[in-house]
Amino acid sequence: MYTIELEKVRKSYDHFVAVDDLSFKIEQGAVFGLLGPNGAGKTSTIRMMIGITAPDSGSVRVFGQPFDRRCLEKVGYLPEERGLYKKMKMLDQLVFLAELHNMPAAAARRNAVEWCERLDISEKLASKVEELSKGMQQKIQFIAALLHDPDFIIMDEPFSGLDPVNVNLLKDVLLDLKKKGKTILFSTHRMDQVEKLCDSICLINKGKAVIQGDLKKVKAQYGKNNVQIGYEGNGDFLQHNTLVSSFNDYGNYVEVRLAPGADPQQLLRMVADHSRVNRFELMEPSLEEIFIDVVGKANA
Amino acid sequence: MHKIFIIARREYLERVRTKSFIVMTFLIPALMLAVTVLPSMLMMKGGGGTKHLVVVASDARTADLIRQQLLKLSEDQKNRPASNSQMERDNMPSIGTLSVDADTDVSDAHRSALTEKVKNKQLDGVIFATKDALAQRKVSFLTRDVSGFITNAAIERGMNQALRRDLLKSKGMNDQEIDKAMLNVDLSPQSPTGTGNPQVVFFTVFSMAMILYMVTLLYGINVMRAILEEKSSRVMEVMLSTAKANEMMAGKILGVGAVGLTQIAIWALMVIVPSAAGAIAFAQLIKGVLSVKVLVYFAVFFLLGFTLYSTLCAAVGAMVNSEQEAQQLQFIVMMPMIISVIIMVNIIQNPTSSAALWASLFPLTAPLIMFLRVALQSPAWWEIAISIGLMMATIVGLVWVCGRIYRVGILMYGKKPTLPELMKWIRYA
């Protein structure tokens, strides 16, 4: 059973094609990462899933049915463009948004209080939104997306602007929801978070899917031809090297992509000749590496 | 429908709870009172205490004649019973008590002496009714208060009466005959359908139309602001993930509209309830001037007109990104309403003309004009039905169009749309 199925979905604004024949499916209970650089069409895609806009062509199926507005009661959406009524009291605001999702006011109130306790902001229930810090507003928006107990949760950059403690808190909440069988769609360009959370991904660029599938398989596809090297000394020799196809300096270490057919042992010897090696690890490419590689190449 | 209600309720409660709503509710009547009632109260009171005037004439008889008439005038006013007798319409507001001296010294020296006295506030006014002046019917009245038109008009009328009486007397009429000759005609128009005095009906209906106009103008702008705020607060993306754009639109319009109606209801109660006299006067008004039918139609056309223009303003709010941009468009949107007010007087005089018919069917002018026609005349039922039907259809259509403009407008923020772009927005799925 798929929570969402996009089939050759297309959306263009004037002469600009935002989403170009995009197809993917999200299995029920999965955490799915919708990735892509800025302007790739992530938000346009999400908007079509929840009926804010309709696709020019292609089909959207939600919960196994052709899209129908009634299914929206079971969808929770945290948009990237955050917004709350500034003058409204926090609790009223949460109840209002839950009521719009057809939840009775009493139940909404009860849930809102519970959620606020869980996210550690219950002392601010009676405050107006404008009196709250940005991080708190962020949490309220997060609660607003979950309050009506949706089966499909869409999170567009959920962690932006939060400190690591709160990121962890929200991450735990999401994992907990996953355990309960909820489907979560994550839209972000923060690859480290995706690697931690997602089961499968779809990387889009310029409205088209570039890579998609199970995260582990995607990474395996790229093979174990990445090397992380920690060294002391001059690393210039890595730059114009026949063994290296690409190279990324992170300061404390470098991540090197081996040229096809290159022998890692040969590289190790070369590095040892030029510098003092602290670490030399052969590994799967990080998602970020794949992202930069794919998107960089496509946009070059 | 349920979502429209939830959105409208939020809008209503949040607005009614604000301080500005409470302040406005009490400040506006206070201001209205200050602007309308106070000046006329001051005017009615005239100068207050006794005014000391001097009549300068070439002969004692003429001077005394005018003196007597002016005294009679001020006496009559004081004793005027609070009934709508003929006297009441004849006379203007009170000029206060007069004390008048007669004087026959027409020399220039005396004239400047009197002028000096007026200047020094020893006298309030001097009337120079010399023989020449009377012959030319051009009398100068020396007063510090040259713009006190009520006093001036009363004095003028007093002098006219004095001179006419004198003329009639010289033709050999006795006082009774003269009184009779001086009586004014009281023209009282009667409508073939209603019972009320058409003058009062006219005034009442005109005031109601003005209320309709002003409230629509005022709250239309509020709706526009509300939509604009929503756009800038960016809440709508979450809202749109559950409600349709036109549900949001309808909810906002209803919510802000209900706030306006609440405020008007409070004002009406403030006028009617506090005094038993107010309540009785209101009951009298309905009985004498307004039929229940007119009141019901007022409510209907008020609500329709209000909703129609709120929707138009909502569309403006949806189109623009800032209040400045909105103000320019707002004027265009309000144009038909303003035109209605301009042609209103014409329509009142000619409620059966074909211009009146078309203006009462055209949805943007219908709220005012059809109400006027219903109140003053009895248009055919189908005319009323078509008018109401067209307005309702326009409202529904506009909500739909606005919803579309709104949705695309908020999703593609940035520059101001051109007309072709707007058309495209409406077509966007």
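Guide: One term to begin with: contact means heavy atoms within 4.5 Å. This is a predicted model.

Visitor: OK, with that cut-off, what share of the contacts in chain B with a separation of 6 or more comes from residues 24 or more positions apart?
Guide: In chain B, such residues account for 73% of those contacts.

Visitor: And what is the figure for chain A?
Guide: In chain A, 68% of the contacts with a separation of 6 or more are between residues 24 or more positions apart.

Visitor: Secondary structure next. How many helices and strands in chain B?
Guide: Chain B has 18 helices and four strands. For chain A the count is nine helices and 14 strands.

Visitor: What about the surface of chain B, and how much of that is carbon and sulfur?
Guide: The accessible surface of chain B is about 22600 Å², and 65% of that belongs to carbon and sulfur atoms. Chain A exposes about 13800 Å², with 48% supplied by carbon and sulfur.

Visitor: Which residues form a nonpolar patch on the surface?
Guide: Ile22(B), Phe26(B), Met270(B) and Val271(B) do, with about 380 Å² of accessible area together.

Visitor: Which elements give two or more residues to the patch?
Guide: Helix 2 (19–45) and helix 11 (245–272) of chain B.

Visitor: Take Ile22(B). Why is it classed as partly exposed?
Guide: Ile22(B), in helix 2 of chain B, has a relative accessible area of 43%.

Visitor: Now Ser310(B). Buried or exposed?
Guide: Ser310(B) is buried, because its relative accessible area is 1% and buried means under 20%. Ser310(B) sits in helix 13 of chain B, residues 292–319.

Visitor: What does Ser310(B) touch, not counting residues up to four places away in sequence?
Guide: Ser310(B) touches Gly220(B), Val223(B) and Ile253(B).

Visitor: Back to chain A. How many positive and negative side chains are there?
Guide: Chain A has 39 positive and 41 negative side chains. The centres of the two sets lie 3 Å apart.

Visitor: And what does the C-alpha trace of chain A span along its principal axes?
Guide: About 70 × 45 × 35 Å.

Definitions and conventions. Residues are numbered from 1 along each chain as its sequence is written. Chains are lettered from A and ligands numbered from 1 in the order in which they are written. This is a predicted model: local features need pLDDT of at least 70, side-chain atom pairs count only at pLDDT 80 or more; totals for chains, interfaces and linings use all residues. Side-chain values use heavy atoms; hydrogens and water are left out. Accessible areas come from the Shrake-Rupley method with a 1.4 Å probe; for residues, only the protein chains shown count as cover. Lys and Arg count as positive and Asp and Glu as negative; His and the chain ends are not counted. The place of a charge is taken as NZ of Lys, CZ of Arg, CG of Asp or CD of Glu. Patches are made of residues with over 30% relative accessible area and no salt bridge: like charges are joined within 9 Å, nonpolar side chains (Val, Leu, Ile, Met, Phe, Trp, Tyr) within 5 Å. A salt bridge is a side-chain nitrogen of Lys or Arg within 4 Å of a carboxyl oxygen of Asp or Glu. Buried means under 20% relative accessible area, exposed over 50%, partly exposed in between (1.4 Å probe, protein chains only).
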